[in-house]
Amino acid sequence: MVVKSVLLSAMLAFTLVGCTSITTMTPAQFNQLSSTQIPFSGNWTGTGGEALTVLQLNRQGNGKLCIDNNKDVMSYRVKLVNNVLYTDQGLKLNVKTINAAQATLQIRILGLGATFELNKDDALKHITPSCKAFINA
């Protein structure tokens, strides 16, 4: 199941790159991560390839990430640590930019990469019902 989610995440938008973004972090290690505080909070939505994506972060740098490609929904708890977003399922996304208006995330898996361009959307107007349910849960 994790391998399927990892491969689907990688298939969203691709450029050839060299490294992998899969960590060997256990759930206990994820829970022990100290997140980086940020001066803003909220929801950012947008696309990564053909998938609709939403990132939700609080001021403590903790939150949720949901990716829906209309076939599969991948949902994660996340922690922002410096410029890296770690998921509770062992994925690591590099944060290229994050501010009160937008967020740009990059993931590399198995030599392929995807970029997620997200814009502030606190009203959650641009996400799928499945991701909205996860974010609001």
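How many bridges join strand β6 to strand β7? The legends below begin with the answer.

**Figure 1. Strands β6, β7 and β8 in a predicted model.** Strand β6 (residues 84–87) and strand β7 (residues 92–98) run antiparallel and are joined by three bridges. Strands are DSSP runs of E with at least two residues, numbered from the N terminus, and two strands pair if DSSP finds at least two bridges between them. Leu85 has Leu93 in β7 as its bridge partner. Four residues lie between β6 and β7 in their hairpin, and Gly90 in the turn has a positive phi of about 90°. A hairpin through three residues joins β7 to β8. β7 pairs with strand β8 (residues 102–109) in the antiparallel sense over four bridges, and Thr97 stands opposite Thr104 in β8.

The model is predicted, so local features need pLDDT of at least 70 and side-chain atom pairs count only at pLDDT 80 or more, whereas totals for chains, interfaces and linings use all residues. Residues are numbered from 1 along each chain as its sequence is written, and side-chain values use heavy atoms, with hydrogens and water left out.

**Figure 2. The largest nonpolar core.** A nonpolar core is a set of buried Ala, Val, Leu, Ile, Met, Phe, Trp, Tyr and Cys residues joined through side-chain atoms within 4.5 Å; buried means under 20% relative accessible area, exposed over 50%, and partly exposed in between (1.4 Å probe, protein chains only). The largest core has 23 residues, and those with the most contacts inside it are Leu55, Leu57, Leu65, Leu85, Leu105 and Phe116. At least two of its residues come from each of β3 (51–57), β4 (62–68), β5 (73–81), β7, β8 and β9 (112–120). Another core, of six residues, lies apart from it and includes Val54, Cys66, Cys131 and Ile135.

**Figure 3. The salt bridge between Arg77 and Asp88.** A salt bridge is a side-chain nitrogen of Lys or Arg within 4 Å of a carboxyl oxygen of Asp or Glu. The closest N and O atoms of Arg77 and Asp88 are 3.6 Å apart. Because Arg77 lies in strand β5 and Asp88 in the loop between β6 and β7, the pair ties together parts that are 11 residues apart in sequence. Arg77 is partly exposed, at 40% relative accessible area, and Asp88 is also partly exposed, at 22%.

**Figure 4. The surroundings of Gly46.** Gly46 lies in strand β2 (residues 42–48) and is buried, with a relative accessible area of 15%. Not counting residues up to four places away in sequence, Gly46 touches Ala51, Leu52, Thr53, Glu117 and Leu118, where contact means heavy atoms within 4.5 Å.
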